[in-house]
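Here is a short briefing on one protein chain. Start with the sequence and the model below.

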Amino acid sequence: MNHKFNNEVGIILSEEWDPLVFIEGNPGSVDFPSEFILDAHKRRNGFVHVLMHTHPPGMTGLSFRDELTLKTLAFTLYPFPIRMGTLTLTGKETFIETTYLALLEPKELWEKGKIRKFSIEKEHVYDFVEPIGFWRKKAIEMSYKKFDKISEL
Ligand SMILES: [Zn+2]
């Protein structure tokens, strides 16, 4: 079986890693709806846990735009943590899930007049062939079209 990448797909996950919403993106990015995130966060602080999304083959890292989205949210949701994750095809049939945690300097430590420190830390890396959990399967199916080489000829 081969995979052809079409569009990025985003999934907002709760703290129990349950999908709250699926978002269809385009080949190079996906827009996470900030209004949805803020509403969910207002209902329950800390409820929005990971902004997961599929990436084109081989791209396990965050794009500049991803980092900017994560940084903006880290400020908005502070002191609650926020993460971003990527689901990427890395081999013929192997996927890697990588999550990144946004680390914003605590208000108490931040020296006024200086730029508040911000960094992104890789939190976990997990590789799989068959997706575990329906949301991984659904996001991958929405992003990558599977095809059989023989039937393509
Ligand atoms: Zn991305």
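Of the 153 residues of the chain, 26% count as buried; buried means that 20 or more other C-beta atoms lie within 10 Å of a residue's own, exposed means 12 or fewer, and partly exposed falls in between, with C-beta atoms placed from the backbone. This is a predicted model: local features need pLDDT of at least 70, side-chain atom pairs count only at pLDDT 80 or more, and totals for chains, interfaces and linings use all residues. Residues are numbered from 1 along each chain as its sequence is written.

**Confidence**
- The mean pLDDT (the predictor's confidence in each residue, from 0 to 100) is 93 for the chain, and 95% of its residues reach 70 or more.
- Strand E2 (residues 9-14) has the highest confidence, at 98, and helix H4 (residues 149-152) the lowest, at a mean of 55.
- Where pLDDT is low, the predicted coordinates should not be read in detail.

**Overall build**
- The chain has four helices and eight strands; these are DSSP runs, numbered from the N terminus, with helices (H or I) of at least four residues and strands (E) of at least two.
- Their order along the sequence is β-β-β-α-β-α-β-β-β-α-β-α.
- Along the principal axes, the C-alpha atoms fill a box of roughly 65 × 30 × 25 Å.

**Helix H3**
- In helix H3 (residues 134-143), the buried residues are Arg136, Ala139 and Ser143.
- Seen down the axis of H3, these buried residues fall within an arc of 70°, so they line one face of the helix; the arc is that of the directions from the helix axis to the C-beta atoms.
- Phe134, Lys137 and Glu141 are exposed, on the face of H3 turned away from its buried side.
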